[in-house]
Structure formats: C-alpha cells, structure tokens
Amino acid sequence: MDTVIYWFARSVVAFLQALPLTARFGDYLFCHAGIRPGVPLERQEPDDLTWIRDEFLLSGVDHGFVVVHGHTPASEPEVLPNRINIDTGAVFGGRLTCLVLEGTDYGFL
C-alpha cells in the first residue's frame, strides 16, 4: 500500500509542477499572488507571481486585465478595478471563496 501512496503523491507533485503560473481568459488573469506592476506579462518573474504583496496590492495601475489572485488573506473578497482577491483565509479556518465570472459580471460562492 505504501508504494501506491508514494506513486500517487509523486504523480500529484509532478502534475502541480507542470501547471503554468498564470492563466488568462478574456479580461482576467489568474495567478497565485499577483504581478509586478509595469512589467509585461511575458517578463513576469515566477517569484513575483507566487510571492509578491505590497507593490502589487498597493498599485492602482491598469494592467490591461483584472488580476484574480489569492496569497493575501482578507475577511471578505476584495474587488478593485485592477484586481480581485479571493483569499478569505481558508487555511486559517476562514471560508473558502469561489469567484464566478460571466463577462463583466461576477459573484461569490
């Protein structure tokens, strides 16, 4: 049984490592933490996409798309003109938030 569990765990890790760090659909870019303002999407650093905070969170820059992100827990989803933060602290016992997008309309589950 340990061999099966080990194989499964390795398969999951390999799957996660193969995923892209961003996904863009229409007017939305999805990433873990955010992007470095002013840097073209194709030149974003993996470290920023997974760890950036203040420079991204405090920026009002129009990125040309709305960035949907997490990484920074808030009590409620944050909706700003240039970003939507859906991290509501599930890892700390908060709610897990799901964003539903349909064109320019949105809602939360």
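## Salt bridges

A search of the whole structure, a predicted model, finds four salt bridges. Side chains of opposite charge can pair when their charged atoms come close.

Asp48 forms a salt bridge with Arg36. Their closest N and O atoms are 2.8 Å apart. This pair links distant parts of the chain. Asp48 sits in helix H2, while Arg36 is in the loop between E2 and H2, twelve residues apart. Asp48 has 10% relative accessibility, so Asp48 counts as buried. Arg36, at 26%, counts as partly exposed.

Glu55 counts as partly exposed because its relative accessibility is 43%.

## Arg83 and Glu78

Arg83 forms a salt bridge with Glu78. Here the closest N and O atoms are 3.5 Å apart. Which of these residues is buried, and which is partly exposed? Arg83 is buried, at 6% relative accessibility. Glu78 is partly exposed, at 29%. Elsewhere, salt bridges that share partners join Arg36, Asp48 and Glu55 into one network.

## The E1–E2 hairpin

Strand E1 (residues 22-25) and E2 run antiparallel, joined by four bridges. Phe25 stands opposite Tyr28 in E2. Two residues separate the strands in this hairpin. Gly26 is in the turn and has a positive phi of about 60 degrees.

## Two loop residues

Thr97 lies in the loop between strand E5 (83-85) and strand E6 (99-102). Is Thr97 buried or exposed? Its relative accessibility is 10%, so Thr97 counts as buried. The Thr97 side chain makes a polar contact with the side chain of Thr88, at 2.5 Å. Leaving aside neighbours within four places in sequence, Thr97 is in contact with Pro77, Ile86, Thr88, Phe108 and Leu109.

Val39 lies in the loop between strand E2 (28-31) and helix H2 (46-51). At 28% relative accessibility, Val39 is partly exposed. Val39 and Gly64 are 25 residues apart in sequence. In space, C-alpha to C-alpha, Val39 and Gly64 are 12 Å apart.

Notes
Residues are numbered from 1 along each chain as its sequence is written. This is a predicted model: local features need pLDDT of at least 70, side-chain atom pairs count only at pLDDT 80 or more; totals for chains, interfaces and linings use all residues. Side-chain values use heavy atoms; hydrogens and water are left out. Buried means under 20% relative accessible area, exposed over 50%, partly exposed in between (1.4 Å probe, protein chains only). A polar contact is a pair of N or O atoms within 3.5 Å; within protein, one must be able to donate a hydrogen and the other to accept it, and residues adjacent in sequence count only if both atoms are side-chain atoms. Contact means heavy atoms within 4.5 Å. Two strands pair if DSSP finds at least two bridges between them. A salt bridge is a side-chain nitrogen of Lys or Arg within 4 Å of a carboxyl oxygen of Asp or Glu.
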